[in-house]
Amino acid sequence: MAKQSGEVVCELKHVDKVYEGAVPTPALLDINLQVRRGEFLVVLGASGSGKTTLLNVMGLLDTPTSGQVWLAGRNAADLSEEQRAALRSRYMGFVFQFHYLLPEFTVLENALLPCNIVGKQMVSANRERVKELLERVGLGDRLKYRPSQLSGGQQQRVAIVRALANNPELVLADEPTGNLDSKNGFAVFEMMRFMNRQTGTAFVVVTHDERLAQEADRVVVLEDGRIVKDEVQRPAMTHEL
Ligand SMILES: Nc1ncnc2c1ncn2[C@@H]1O[C@H](COP(=O)(O)OP(=O)(O)OP(=O)(O)O)[C@@H](O)[C@H]1O
Ligand SMILES: [Mg+2]
């Protein structure tokens with residue numbers, strides 16, 4: 001499960017994003033960013049500075065107006081829609097501000113959803129691992145609960161395990177603690193940090209909380225669509241265990 005750190009898992013080269021419309025809105029301007037295996041990166045910036053747009057472009061949920069997105073050593077522009085979908089479902093995991101758990105599914109079923117999307121074999125290959133992840137985040141005795149029977153923080157923990165279900169190289173999280181009080185937000189953040197150290201999965205986490213940013217390996221600050229600061233606070237963990 002451990003991954004070798006150092007390799008580039010995602011790279012943006014001279015990425016611009018302009019939303020077309022009655023008034024074209026520039027959202028990203030000349031973004032150059034490399035995310036390496038094992039790295040835990042936090043993105044800070046005021047509302048409207050381009051954070052969500054950045055994650056959407058990295059996660060192939062949106063295409064840049066110009067520039068390149070590289071994932072797994074491949075230029076996304078050279079891939080078919082099918083190959084892009086495969087990268088989204090196998091190579092990456094997503095966490096959003098609202099957890100989007102399915103109410104009629106149990107905790108375990110929700111966490112296994114990304115495996116189900118890939119296929120039955122993926123479910124059987126990952127079931128034990130996903131159970132173990134749920135245990136590690138304190139939900140071992142909640143596997144059969146429905147989301148409505150969990151607290152907000154517990155629901156978001158399920159969403160994070162779900163993002164890790166396919167053992168991705170990269171997790172993209174857009175304000176994953178934005179909907180939680182500060183205590184629960186910190187606990188969920190710590191959990192992501194723990195998962196990052198355990199699995200070597202790289203995390204890119206958007207937050208407004210500067211206190212959380214202090215826990216990251218690296219902090220990128222966006223201002224009006226540009227990176228105005230990109231600071232390594234500590235070297236990323238090496239995963240050679
Ligand atoms: N679909 C869209 N169409 C047009 N403009 C958009 C669209 N989505 C975002 N924008 C604009 O792009 C800019 C960046 O938006 P983005 O959502 O990336 O900001 P953000 O940093 O995530 O903000 P917040 O902290 O409020 O979530 C904003 O000026 C916004 O108005
Ligand atoms: Mg946003």
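Reader: What stands opposite Arg218 in β10?
Author: Val232 in β10 stands opposite Arg218. The model is predicted: local features need pLDDT of at least 70, side-chain atom pairs count only at pLDDT 80 or more, and totals for chains, interfaces and linings use all residues. Residues are numbered from 1 along each chain as its sequence is written, and chains are lettered from A and ligands numbered from 1 in the order in which they are written.

Reader: What makes β9 and β10 a pair?
Author: Two strands pair if DSSP finds at least two bridges between them. β9 (residues 218-223) and β10 have 6 bridges, in the antiparallel sense. So the pair meets the rule of at least two bridges. Strands themselves are DSSP runs (E, at least two residues), and helices are runs of H or I, at least four residues; both are numbered from the N terminus.

Reader: Which sheet holds these strands, and in what order?
Author: An open sheet of 6 strands, ordered β6-β7-β8-β3-β9-β10, with mixed pairing.

Reader: Why are β6 and β10 said to stand at the edges?
Author: β6 (92-95) and β10 (226-232) each have a single partner strand, so one side of each is left without a neighbour in the sheet. From one strand to the next, the twist averages 15°.

Reader: How do you know that α6 packs on the sheet?
Author: Helix α6 (residues 152-164) touches β6 and β7 (170-174). Contact here is between two residues whose C-beta atoms, placed from the backbone, lie within 7 Å. The direction of α6 makes about 165° with that of β6. Such angles run from 0 to 180 degrees between N-to-C directions; axes are lines fitted to C-alpha atoms, for helices over the stretch in contact.

Reader: What is the order of the sheet of 4 strands?
Author: This open sheet runs β2-β1-β4-β5, with antiparallel pairing. Its edge strands are β2 and β5 (74-75), each pairing on one side only.

Reader: How many bridges join β1 to β4?
Author: β1 (residues 8-19) and β4 (residues 66-71) run antiparallel and are joined by 5 bridges. In β4, Val69 is the bridge partner of Leu12. Helix α1 lies across β1, β2 and β4, at about 125° to β1.

Reader: Which residues are around ligand 1?
Author: Among them are Tyr19, Gly45, Lys51 and Thr52. A residue is near a molecule if its C-beta atom, placed from the backbone, lies within 6 Å of it. β2 (25-36) and α1 (51-58) are the elements that give two or more residues to this shell. α1 gives the most, with 3 residues.

Reader: How does the shell around ligand 1 divide?
Author: Into 2 nonpolar, 9 polar and 1 charged. Nonpolar means Ala, Val, Leu, Ile, Met, Phe, Trp, Tyr, Cys and Pro; charged means Asp, Glu, Lys and Arg; the others, Gly among them, are polar.

Reader: Why is Asp30 called partly exposed?
Author: Asp30 has 14 C-beta neighbours inside 10 Å. A buried residue has 20 or more other C-beta atoms within 10 Å of its own, an exposed one 12 or fewer, and a partly exposed one falls in between; C-beta atoms are placed from the backbone. Asp30 therefore counts as partly exposed. Asp30 is in strand β2. Its phi is near 45°, a positive value in a residue other than glycine.

Reader: What makes Tyr100 partly exposed?
Author: Tyr100 has 14 other C-beta atoms within 10 Å, so the term is partly exposed. Tyr100 is found in the loop between β6 and α3 (107-111).
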